[in-house]
Protein chains: 2
Amino acid sequence: MKAFLISLGLTWAAVAETQQNPAAVAARNWRETHERAILSEFMDLLAMPNLARDDEAVRKNANAIVSMLGKRGVKARLLEEAGVPPVVFGEIDTPGATRTLMFYAHYDGQPLDPKEWATPPWQPVLRDRPLHQDGRVVPLPANGKIDPEWRIYARSASDDKAPIITISAALDALKAARIPLRSNIKFIFEGEEEAGSPHLASVIEKYKSLLGSDVWLICDGPVHQSRRQQIVFGARGVTIVDVTLYGPNHELHSGHYGNWAPNPAMALARLLASMKDDSGRVLIDRFYDGIEPLTETEKRAIAEAPDVDRDLMRELSLGATDGDGKKLVELINYPSLNIRGMGSARIGGQASNVIPSTATATIDIRLVKGVDHDVAAKRLIDHIRKQGYYVVETDPDAQTRMSHPKIAKVTVEPGGYNASRTSMDLPISQLVLRTADSARGPIVKLPTMGGSVPLFMIDEILHVPTISVPIANHDNNQHSYNENIRIQNLWDGIELMAALLTM
Amino acid sequence: MKAFLISLGLTWAAVAETQQNPAAVAARNWRETHERAILSEFMDLLAMPNLARDDEAVRKNANAIVSMLGKRGVKARLLEEAGVPPVVFGEIDTPGATRTLMFYAHYDGQPLDPKEWATPPWQPVLRDRPLHQDGRVVPLPANGKIDPEWRIYARSASDDKAPIITISAALDALKAARIPLRSNIKFIFEGEEEAGSPHLASVIEKYKSLLGSDVWLICDGPVHQSRRQQIVFGARGVTIVDVTLYGPNHELHSGHYGNWAPNPAMALARLLASMKDDSGRVLIDRFYDGIEPLTETEKRAIAEAPDVDRDLMRELSLGATDGDGKKLVELINYPSLNIRGMGSARIGGQASNVIPSTATATIDIRLVKGVDHDVAAKRLIDHIRKQGYYVVETDPDAQTRMSHPKIAKVTVEPGGYNASRTSMDLPISQLVLRTADSARGPIVKLPTMGGSVPLFMIDEILHVPTISVPIANHDNNQHSYNENIRIQNLWDGIELMAALLTM
């Protein structure tokens with residue numbers, strides 16, 4: 001066996017890890033006898049409302065997490081800055097270690113409308129199947145194995161409290177199996193990621209001396225749609241732009257003024273339609289300029305990723321996709337422009353026969369390496385101007401409205417940031433890949449995830465590479481209602497975290 | 001003087017009417033000493049909620065109106081059909097009369113969202129100026145003249161309870177001045193006009209024998225924007241169409257799927273944009289086909305109408321209008337296509353980073369004589385098909401969604417109807433014009449109003465011409481929030497009604 005392996009140019013150590021990471025094995029053994037305790041502790045954490053803007057609530061979460069880490073022998077505390085959700089910081093010093101690993105997650109959740117949820121977002125429930133397959137609410141069984149296809153429904157079940165419970169369980173498992181750590185370990189769990197991490201940079205600056213490490217492992221986002229573990233080396237940046245167009249200064253009777261008073265909903269339709277062609281390619285001038293090309297390693301990783309597009313189309317009931325036949329895994333390496341929402345007056349049963357007074361769209365632009373978020377927003381604004389619009393930043397007064405045939409209020413929301421991408425060829429990148437492969441392989445390697453996390457600031461301020469090690473199921477409804485996590489993804493996550501903690 | 005008039009080809013009687021209609025003079029005299037009583041009675045009527053779908057409420061309104069008419073010696077009763085808001089019917093037999101005049105109005109109001117109103121819609125208040133000029137709520141003064149520029153704010157203050165109070169007051173005034181009627185008078189006040197009058201035709205069929213008359217005088221809509229009295233000989237028809245487009249079967253994370261999963265809001269923008277050019281001209285095939293041409297009299301009437309476009313643009317803070325430089329008064333003689341409302345996911349502070357699952361627009365098409373409402377809706381649907389959409393009438397299932405790259409649910413709301421137009425050259429038309437001119441001249445004559453009232457059925461079922469005799473101020477916010485009526489318009493309306501009642 002050994003000779004055969006050497007003939008393939010592989011080392012024994014690499015293959016041993018691929019086959020059986022001891023920390024992952026220990027994590028599985030431990031988990032199998034502690035499933036109920038893990039889920040109970042997790043559901044307690046999920047029962048805490050966690051919107052970044054709710055100061056009291058985030059503080060309660062942060063204190064609970066400090067206490068969870070403390071129980072596992074982690075020196076944990078809050079990093080504070082006035083008026084900002086506290087950042088949970090923890091560390092484990094490992095004597096003789098030459099490497100420091102930072103685990104990042106966030107404990108705040110996406111804003112939501114409780115009316116859209118099947119069950120209240122902060123009253124976690126187990127369901128025996130996904131909700132879209134009519135999963136029923138079931139109690140946590142008193143004994144016996146828990147079906148790993150069950151799911152927990154609650155805000156942040158996936159995004160992003162799952163990593164916190166899996167790390168906690170992994171630490172328990174390692175302790176029980178007496179598996180020693182090899183690196184110094186640090187944790188940073190922030191409380192306003194879903195608000196765009198507006199203060200993370202200043203907290204990092206303030207506590208820079210605490211935060212030294214060789215890598216930030218970003219525990220956020222979903223695994224591959226094929227359900228295989230993926231390791232992701234970057235994230236797209238984002239900038240959000242609100243566009244409001246104006247018609248008459250109040251709603252008008254559509255009969256008495258239709259054909260004469262311009263309709264801002266129609267104007268918005270025309271403006272938005274000018275931004276993309278039928279295949280979804282963005283028509284804004286220079287939108288794709290400056291993109292940093294992929295390396296050969298990155299191109300190979302993309303080519304090797306499983307093709308899940310057909311399955312995904314079925315899952316999402318899609319009859320077509322954008323992108324001129326390119327695969328999803330390729331397309332997320334380009335910047336994108338997306339209408340998050342669009343509104344003008346009222347629709348359906350609520351509609352009345354008016355010409356609306358305003359029409360608004362909220363747009364997000366996802367960015368890849370090489371395209372700055374301010375530049376991207378400026379290109380969008382330039383495009384709006386080119387369509388004949390006079391662009392303002394606040395609601396125009398009557399005089400301004402009368403002076404311009406077409407007027408648009410364009411607001412770039414604060415908190416936009418750039419993409420980041422760590423080279424897959426760095427030694428730390430290779431170590432993470434080997435470790436993940438040994439615990440959860442064969443893994444999928446991707447140069448970037450589609451979503452955005454503010455990784456750029458780690459690179460810019462701390463000059464430390466970031467690598468994403470996600471654990472959630474891809475169909476977790478993160479950022480929408482009925483967010484959930486599949487139990488098996490929690491179990492897999494514990495094994496991955498145990499392996500990464502012992503790198 | 002008489003010789004001079006005869007030399008101009010005019011009869012003395014016509015000029016006398018132009019100068020001073022005795023019924024209108026009597027109405028003014030009576031009103032000046034009864035202002036408080038008129039407004040009190042009106043505000044009691046406005047305090048009754050009046051949505052067509054609220055059976056108990058509309059019935060309360062109908063009974064109150066029967067009682068108001070009864071007090072004025074009108075034989076009044078309810079015309080009933082099961083499950084339908086009652087129609088108030090009243091009559092005054094005039095011995096020796098050779099002509100019967102039917103006065104139409106409606107007592108139900110447009111649906112509304114109370115949150116949008118400055119004061120509750122069914123708690124009528126007086127304001128000392130229009131709300132958009134910061135008018136303050138003022139009490140009804142205990143004595144002295146009431147400022148005619150004050151306004152009453154309440155649902156249906158203009159649309160369409162104002163005619164009911166002005167007719168009541170006019171009857172009081174005529175009785176007080178002992179001015180005899182010359183025609184038989186009938187009243188028909190319906191209770192579901194704002195729901196599209198879905199049962200008016202069947203009520204008319206059922207009670208046909210009661211409803212014989214020489215003309216229906218439609219007491220609805222606003223006077224000309226110049227504030228001059230207008231007499232209108234038609235109304236546009238209308239058909240309402242809801243269009244929903246589909247993206248993924250649930251909202252997706254815009255980062256993980258942006259560039260790949262089609263966005264229904266963008267698709268809707270493209271579809272709506274395909275329907276009009278930049279000047280507002282509708283691009284749907286054959287949209288303008290079949291329009292019945294205007295007669296010379298009608299063209300002359302339009303040419304003689306005051307040009308208020310500049311003033312209106314100032315009033316509405318508009319920097320441009322649709323229609324390639326044509327005037328409003330011309331443009332309402334064409335069919336129009338209007339987006340009543342548009343919605344997809346959420347906007348602004350409520351937006352989250354999703355690709356929406358659906359996008360919906362509610363569209364109204366206003367029709368002119370010669371274009372059938374079903375044909376117009378079909379042309380719109382054909383246009384949607386031509387843009388590549390597979391059109392369905394109910395929410396498509398997963399299989400249907402997957403089988404078609406572009407899918408649109410298109411629902412034509414029930415209750416669409418055709419335009420109607422009465423010839424200005426009929427003797428009854430000439431009589432109404434002379435009478436209105438003598439009471440409130442010089443008047444504006446228009447072939448059609450921009451709005452829709454189901455006049456076509458009067459023509460189709462009863463073969464009786466319809467002529468609109470509106471009284472509300474044009475800036476009354478009808479069909480939107482903060483509906484109001486200017487007091488002077490009520491006073492003018494009483495004079496007009498007194499004159500018409502004594503034709």
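Predicted model: local features only at pLDDT ≥ 70, side-chain atom pairs only at ≥ 80, totals over all residues.
**Figure 1. The side of chain A that touches chain B.** Contacts are formed between 79 residues of chain A and 79 residues of chain B. On chain A, the elements giving two or more residues to this side include the helices α8 (254-257), α9 (264-273) and α11 (309-315) and the strands β13 (336-345) and β15 (358-367). The largest share, nine residues, is supplied by β13(A). By class, this side of chain A consists of 34 nonpolar, 33 polar and 12 charged residues.

**Figure 2. Pairing of β13(A) with β13 of chain B.** The two strands run antiparallel and are joined by five bridges. In chain B, the strand covers residues 336-345. S344(A) has M342(B) as its bridge partner.

**Figure 3. Packing of helices α3 and α17 within chain A.** Helix α3 (residues 22-32) packs against helix α17 (residues 487-501) at an angle of about 140°, and their axes are 7 Å apart. The helices α3(A) and α17(A) are therefore oblique to each other, and their crossing is right-handed. Among the residues making the contact are A23(A), A27(A) and R31(A) of α3(A), together with W491(A), I494(A) and E495(A) of α17(A). The contact comprises nine nonpolar and three charged residues, with no polar residues.

Notes
Residues numbered from 1 in each chain as written. Chains lettered and ligands numbered in written order. Contact = placed C-beta atoms within 7 Å. Helix = DSSP H or I, 4+ residues; strand = E, 2+ residues; numbered from the N terminus. Nonpolar A, V, L, I, M, F, W, Y, C, P; charged D, E, K, R; others polar. Pairing = 2+ DSSP bridges. Axes fitted to C-alpha atoms, helices over the stretch in contact; angles between N-to-C directions. Parallel < 35°, antiparallel > 145°, perpendicular 65-115°, else oblique. Left-handed = near helix turned anticlockwise from the far one by under 90°.
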